[in-house]
Each structure stands twice: as C-alpha cells, then as structure tokens.
Amino acid sequence: MKLFNLSLKLKGFPIKEAKAFLKTIQSKQKLDFESYIETSKRDILAHHLKHNPFYKQFVKNVDLSDWNSIPVMTKRDLQQPLEQRLSEGFTAKTVFINKTSGSSGTPFIFAKDKFCHALIWANFMDRYSCFNLDLNHSKQARFYGIPLGKKDYYKERFKDALSNRFRFSVFDLSDSQLEKNIEKFSKTKFDYINGYTSSIVQFAKYLEQHNIVLKTICPSLKACITTSEMLFREDKNLLEAQLGIPVINEYGAAELGLIAFQNKTDQWVVNTEDLFVEILDKNNNVLPYGEEGCIVITSLYNKAHPLIRYDLGDIGTLSKKSTLQKPILEKLVGRTSDLVMLPSGKKAAGLTFYYVTKTIIENDGNVKEFIIEQLKLDTFKISYVSNKLLTEENLEHIKKAISKYLEPHLIVVFERKEKLERSKSGKLKQFKSYLP
C-alpha cells in the first residue's frame with residue numbers, strides 16, 4: 001500500500017496529478033528547454049500581476065519584456081500578514097501554510113497552493129528514484145528535530161508512521177544515545193538515512209571510534225541523504241567510510257522545495273522543473289557561471305503566493321560547466337547574514353571562518369563538534385564539545401590558522417561545553433555574528 005501517497009491525498013494534495021504533470025514538464029524540456037523556461041517565467045509573472053494585489057503593488061510598473069527589471073524580493077518584504085499576500089481565489093483554509101526556520105534571522109509565514117506542494121513532493125520522489133529509493137516503501141532512518149509540545153510531538157510521530165520512517169533524536173547526541181541508535185539499526189531494515197548533516201556526522205564519528213561500519217550491521221542500507229546544513233568534503237568522506245553507503249547532498253528550502261540534488265556522478269544538479277535559479281551580484285545583476293553571488297529563485301508554479309526573484313539569503317556559485325538546461329551548483333558558501341566582518345574592513349563568509357578552524361580543531365579526534373560566534377569586530381568565541389580540554393598547543397594552532405587565513409591580531413576565546421545549543425528544529429548553527 002502506498003501510504004505516503006495516500007497521506008498526501010488525504011490532506012488534499014493531488015500527488016497523482018502532480019506526478020503526471022512533472023512528466024509533462026520533463027517532456028517539454030526535452031523538446032525546447034529555453035522556450036519552456038521563458039514561458040513558465042512569463043506565465044507565473046502574469047498570473048501574480050493579475051491576481052495578487054500585494055505583488056502588483058510590489059513590482060509597480062514592471063517591464064514584462066525585461067526579466068532583469070523585475071525587483072528582487074527579500075524575506076523582509078514578506079514579513080506582513082499572510083492574508084495580504086495571498087492571490088485571489090485562495091484563502092488560509094485552501095492552501096498549505098508553513099513558516100521558515102528563521103535560520104537567516106528573518107523568519108516569515110508562507111503559503112503554497114496544494115497542487116504546487118504536491119508537485120514539490122513529486123520532484124523529490126523523482127530524484128530519490130534515481131537511487132532506488134521510494135518514499136512509499138523505503139524505510140527511512142530520520143535524523144531531524146521534533147516539536148516537544150505533546151500535540152505536535154504525536155502529530156509528527158503519526159506522520160512518521162505514515163511515511164515509513166523512524167525518527168532518531170538530534171537533541172541527544174550522548175554516547176549512550178548513539179549506542180542505542182546502533183542497536184536500532186542492527187534490528188531494523190532501514191533503506192536510507194535522511195537528516196541534518198551535523199547530527200549524522202556525530203553519529204559517524206561515534207561509529208569510527210568503535211570501528212563500526214553501519215552497513216555491516218544494517219545490510220539493507222542503500223544511501224544517506226544529508227540536508228539543511230553544510231556538508232564539508234572531509235565530513236562526506238567520513239560518512240561514506242563509516243556508513244558504508246553513498247552520501248547524497250540535498251539542498252532545499254521549506255518555501256521552495258528541492259533546489260539541488262547530487263546525482264550519481266557527484267554533481268549538484270539544480271532543479272529546473274519547477275524552479276528558476278539565478279546568481280546575482282549586490283546590485284541584482286546576473287552573474288556569469290563561476291562567479292559567487294546571492295542565490296535568487298523563482299517558484300514557477302506557486303499560484304497562491306508570489307516567490308518571484310526571491311532572495312533566499314544564501315550565497316553560492318554555479319559551475320562554469322553549467323548550461324541553461326543543466327545548471328550545476330558548484331559551491332554553497334552559506335547565508336548572506338553569516339558574514340564575518342573584520343577590523344581591517346575585510347569580509348568573509350562565516351562558514352569559511354568555521355572551515356579554517358575545523359581543519360585544525362578536529363585533527364586529534366578529541367573535539368566532537370563546535371560553533372563560532374563573533375562577539376565584537378575583533379573578538380570571536382569558539383564553544384566546543386570534547387572528551388578533554390584543548391591543550392595550549394591546540395589553541396595556538398587554531399589561532400595561527402585564523403591569523404593566516406583571515407588576519408592577525410584577532411582575539412579568540414574558547415569555552416568547553418557539555419553540549420551545544422541547537423535551534424528548536426534541532427539544527428546546529430555553526431557560525432553566528434552578534435554585530436549590529
């Protein structure tokens with residue numbers, strides 16, 4: 001029985017029709033890809049200009065013949081009552097409503113019409129099928145957060161049951177809990193792992209310490225899909241070694257769905273079926289392939305709520321090997337709100353700072369995980385979880401690396417903790433700046 005499809009259908013999401021429409025899209029793309037993209041962009045723009053008073057006011061006198069003249073939409077633009085942003089013919093009762101996690105610092109409530117939401121799930125199913133994974137039948141080991149309120153907690157557990165998945169805690173990463181995780185894997189025929197990168201990495205480190213390759217105790221495992229947080233090359237190598245299965249990096253957003261998904265040749269292929277992705281500079285000009293800028297996305301089929309040239313808040317690069325038909329996401333640097341500001345005036349992506357430190361701090365295998373916070377322009381705090389205190393030699397190595405790759409004379413303070421604070425969703429924010 002296809003329980004996942006049934007659960008979508010019962011909620012009013014027409015998954016059967018969406019799957020058929022996805023095949024129609026893919027057929028159109030094969031015939032004339034450029035025509036498909038241009039027509040889809042024009043159609044969604046025309047729809048919202050006609051049926052959405054909020055968007056009509058937002059763009060004002062836009063030149064429909066010039067896509068680049070259309071203003072970029074930010075999360076702040078959307079921080080107003082949802083009822084004022086819905087298109088004509090839609091109400092709060094007839095759409096899918098959710099909210100962003102707020103990891104960018106600018107949370108907002110958004111809506112998708114039910115067909116659009118079903119199409120997003122059809123797209124996920126299509127990508128997963130390339131790795132012989134089926135959301136209706138494949139058993140998922142899920143490393144996600146869960147609401148702790150009684151009603152929402154049991155609601156999520158019920159959804160897990162319908163979706164054929166078991167949820168592991170991402171709030172408790174103690175050795176005793178990780179040992180219980182291993183026991184669960186040894187007794188359950190999981191097909192794949194899906195969840196937050198940092199939590200799965202911590203599990204893999206525990207497996208490494210105990211010389212365990214997960215597939216040897218759970219032979220049914222086929223793949224691991226990491227999402228929601230950065231996946232560094234070293235961490236991917238660790239996961240593949242200790243899980244014993246291919247690791248697939250997924251990039252998505254709640255308000256948009258699937259943005260990019262790694263294929264079997266390790267390319268991060270951008271979703272062109274229901275999204276149009278651009279990389280823009282600070283003046284909102286389109287950048288050529290290979291240059292780093294803001295990731296701006298248009299949802300081509302969300303008729304309930306406009307997300308047209310929407311600045312997601314992430315920084316990335318499309319590979320020089322990209323084509324219009326096959327854009328390849330080469331690099332995802334992090335969020336625009338996660339920039340390191342330095343006394344010299346230099347700027348760097350927060351995850352670059354994190355990565356420089358990571359290459360030093362984890363060498364001895366003592367540190368389990370860590371985060372970096374910018375307290376002042378010249379002052380940074382590194383909080384870490386480890387079996388023992390970092391030595392003076394460790395600390396000097398870290399400070400020298402930071403001085404070399406960023407700039408000298410920065411103040412770095414360290415604090416060892418029992419565990420790191422995660423967001424309500426269970427995500428771990430690796431870098432945070434407190435500068436105004």
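**Entry 1: a proline in a loop**

Is Pro-246 buried, partly exposed or exposed? I checked, keeping in mind that this is a predicted model. Pro-246 has a relative accessible area of 44%, so I wrote it down as partly exposed. I found Pro-246 in the loop between H9 and strand E7, which covers 247–253. Leaving out residues up to four places away in sequence, Pro-246 touches Lys-222, Ala-223 and Cys-224.

**Entry 2: a leucine in another loop**

Next I went to Leu-231, which sits in the loop between strand E6 (223–227) and helix H9 (233–243). Buried or exposed, I wondered about Leu-231? The relative accessibility of Leu-231 is 14%, and the cut-off for buried is under 20%, so Leu-231 counts as buried. I listed what Leu-231 touches, again skipping residues up to four places away: Thr-197, Thr-226, Lys-236, Leu-239, Val-247 and Asn-249. Ser-198 is 33 residues from Leu-231 in sequence, yet I got 8.2 Å from C-alpha to C-alpha.

I then looked at helix H6 (residues 175–187) and helix H7 (residues 197–209). They pack at an angle of about 85°, and their axes are 10 Å apart. Angles of 65 to 115 degrees count as roughly perpendicular, so that is what I called H6 and H7. Which residues make the contact? From H6 I noted Asp-175, Leu-178, Glu-179, Asn-181, Ile-182 and Phe-185, and from H7 I noted Gln-202, Phe-203, Tyr-206 and Leu-207. Sorted by kind, the residues of this contact come out as six nonpolar, two polar and two charged.

While on H6 I picked out Ser-186, which lies in that helix. Ser-186 is partly exposed, with a relative accessible area of 41%. Ser-186 and Lys-215 are 29 residues apart in sequence, and 9.2 Å apart from C-alpha to C-alpha.

**Entry 3: the two sides of H1**

Back to the start of the chain. Helix H1 covers residues 3–10, and its buried residues are Phe-4, Asn-5, Ser-7 and Leu-8. Why do I say they line one face of H1? Looking down the axis of H1, I see the buried residues fall within an arc of 160°, so they line one face of the helix. A reminder to myself: an α-helix has 3.6 residues a turn, so residues three or four places apart point the same way. On the other side of H1, Lys-9 and Leu-10 are exposed.

What do the buried residues of H1 pack against? My answer is three helices: H2 (15–51), H4 (114–129) and H5 (150–162). After H1 comes Gly-12, with a positive phi near 95°.

**Entry 4: the cores**

The largest nonpolar core has 86 residues. Tyr-55, Tyr-251, Leu-256 and Ile-259 have the most contacts inside this core. H2 gives the most to it, with ten residues. I followed up on Ile-259: apart from residues up to four places away in sequence, its contacts include Val-269, Val-270, Leu-275, Ile-297 and Leu-312, as well as Tyr-251. There is also a second, separate core of 29 residues, and Leu-173, Ile-182, Leu-221 and Val-247 are among them.

**Entry 5: a serine in a strand**

Ser-383 is in strand E17, residues 379–386. Ser-383 has 0% relative accessibility and so counts as buried. Leaving aside neighbours within four places, Ser-383 is in contact with Glu-369, Phe-370, Ile-371, Glu-373, Glu-415, Lys-417 and Leu-420.

**Entry 6: two asparagines with positive phi**

Last, backbone angles. Asn-132 is not a glycine, but its phi is positive, about 60°. Asn-132 lies in the loop between H4 and strand E3 (140–143), and is exposed, with a relative accessible area of 57%. Asn-284 also has a positive phi, near 65°. I found Asn-284 in the loop between strand E10 (275–280) and strand E11 (292–299). Asn-284 is partly exposed, at a relative accessible area of 34%.

Conventions
Residues are numbered from 1 along each chain as its sequence is written. This is a predicted model: local features need pLDDT of at least 70, side-chain atom pairs count only at pLDDT 80 or more; totals for chains, interfaces and linings use all residues. Side-chain values use heavy atoms; hydrogens and water are left out. Axes are lines fitted to C-alpha atoms, for helices over the stretch in contact, and angles run from 0 to 180 degrees between N-to-C directions. Helices (H or I, at least four residues) and strands (E, at least two) are DSSP runs, numbered from the N terminus. Angles under 35 degrees count as roughly parallel, over 145 as roughly antiparallel, 65 to 115 as roughly perpendicular and the rest as oblique. Contact means heavy atoms within 4.5 Å. Ala, Val, Leu, Ile, Met, Phe, Trp, Tyr, Cys and Pro count as nonpolar, Asp, Glu, Lys and Arg as charged, and the others, Gly among them, as polar. Buried means under 20% relative accessible area, exposed over 50%, partly exposed in between (1.4 Å probe, protein chains only). The arc is that of the directions from the helix axis to the C-beta atoms. A nonpolar core is a set of buried Ala, Val, Leu, Ile, Met, Phe, Trp, Tyr and Cys residues joined through side-chain atoms within 4.5 Å.
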